[in-house]
Every structure is written in structure tokens, then in C-alpha cells.
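Could we go through this structure slowly, setting each value against the rule that gives it its name? I would like to see how every label is reached.

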Amino acid sequence: MPGKSKAQQKAAGAALSAKRGETPKSELKGASKQMVESMSEKQLAEFASTKRKGKPQHVSK
């Protein structure tokens, strides 16, 4: 499933970095903190690799 917004893509990228051990998990905030625990590395990579062109900054509920 691709990321639906730029913010979601950034959060997935931060969570992926922590999952791989490149960034300490203590530096994560908000959604990325939840993503690192609940998603696999493959899922995070898929979210983070989504093209940004044409994506809204945030998705309204």
C-alpha cells in the first residue's frame, strides 16, 4: 500500500530508519513511533518509496 500523503511518507521513512538501526527509536515522534512497532520493514519501505508528486501534504479524515 503506497503512502497517501507527504506526511505519511516522511513518517514511514523515519520509522524505516529506526527499524534498520540507523536512527535511535527514542528520536521518533508521533505516527512514526507507532509505525515502527506495528509495521514490517517491507511495509515501511513500500510506504516510504511512494512518489511525492501530486500527493497532498496531509490527508483529511
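Q: What counts as a helix here, and how are helices numbered?
A: A helix is a DSSP run of H or I with at least four residues, and the numbering starts from the N terminus. In this predicted model, the chain has 3 helices and 0 strands, and along the sequence they give the pattern α-α-α. Thr23 is placed by this scheme in the loop between H1 and H2.

Q: Why is Thr23 called partly exposed?
A: The relative accessible area of Thr23 is 22%, and the class called partly exposed lies between the buried limit of under 20% and the exposed limit of over 50%, so Thr23, at 22%, is partly exposed.

Q: What makes the approach of Thr23 and Ser17 a polar contact?
A: The side chains of Thr23 and Ser17 are joined at 2.4 Å, while the cut-off for a pair of N or O atoms is 3.5 Å. Leaving aside residues up to four places away in sequence, Thr23 touches Ser17 and Ala18.

Q: Is Lys25 buried, exposed or partly exposed, and how do you know?
A: Lys25, which also lies in the loop between H1 and H2, has a relative accessible area of 46%; since exposed requires over 50% and buried requires under 20%, Lys25 is therefore partly exposed. When residues up to four places away in sequence are not counted, Lys25 touches Ala18, Val36 and Glu37.

Q: Why is H1 called oblique to H2?
A: Helix H1, residues 6–19, and helix H2, residues 31–38, pack at an angle of about 55 degrees, and their axes are 8 Å apart. Roughly parallel needs an angle under 35 degrees and roughly perpendicular begins at 65, so H1 is oblique to H2. Their crossing is right-handed.

Q: Which residues of H1 and H2 meet, and of what classes are they?
A: On the H1 side, the residues in contact are Gln8, Ala11, Ala12, Ala14, Ala15, Ala18 and Lys19, and on the H2 side they are Ala31, Ser32, Met35 and Val36. By class, this contact holds 8 nonpolar, 2 polar and 1 charged residues.

Q: What describes the packing of H1 and H3?
A: H1 and helix H3, residues 41–48, pack at an angle of about 145 degrees, with 8 Å between their axes, and the crossing of H1 and H3 is left-handed. Among the residues that meet are Gln9, Gly13 and Leu16 in H1, and Leu44 and Phe47 in H3. The classes in this contact are 7 nonpolar, 3 polar and 2 charged residues.

Q: How do you know which class Thr50 belongs to?
A: Thr50, in the segment after H3, has 11% relative accessibility, and because the limit for buried is under 20%, Thr50 counts as buried. Thr50 and Lys6 are 44 residues apart in sequence, and their C-alpha atoms are 8.9 Å apart in space.

Terms used. Residues are numbered from 1 along each chain as its sequence is written. This is a predicted model: local features need pLDDT of at least 70, side-chain atom pairs count only at pLDDT 80 or more; totals for chains, interfaces and linings use all residues. Side-chain values use heavy atoms; hydrogens and water are left out. Axes are lines fitted to C-alpha atoms, for helices over the stretch in contact, and angles run from 0 to 180 degrees between N-to-C directions. Helices (H or I, at least four residues) and strands (E, at least two) are DSSP runs, numbered from the N terminus. Angles under 35 degrees count as roughly parallel, over 145 as roughly antiparallel, 65 to 115 as roughly perpendicular and the rest as oblique. A crossing is left-handed if the near helix is turned anticlockwise from the far one by less than a right angle, and right-handed if clockwise. Contact means heavy atoms within 4.5 Å. Ala, Val, Leu, Ile, Met, Phe, Trp, Tyr, Cys and Pro count as nonpolar, Asp, Glu, Lys and Arg as charged, and the others, Gly among them, as polar. Buried means under 20% relative accessible area, exposed over 50%, partly exposed in between (1.4 Å probe, protein chains only). A polar contact is a pair of N or O atoms within 3.5 Å; within protein, one must be able to donate a hydrogen and the other to accept it, and residues adjacent in sequence count only if both atoms are side-chain atoms.
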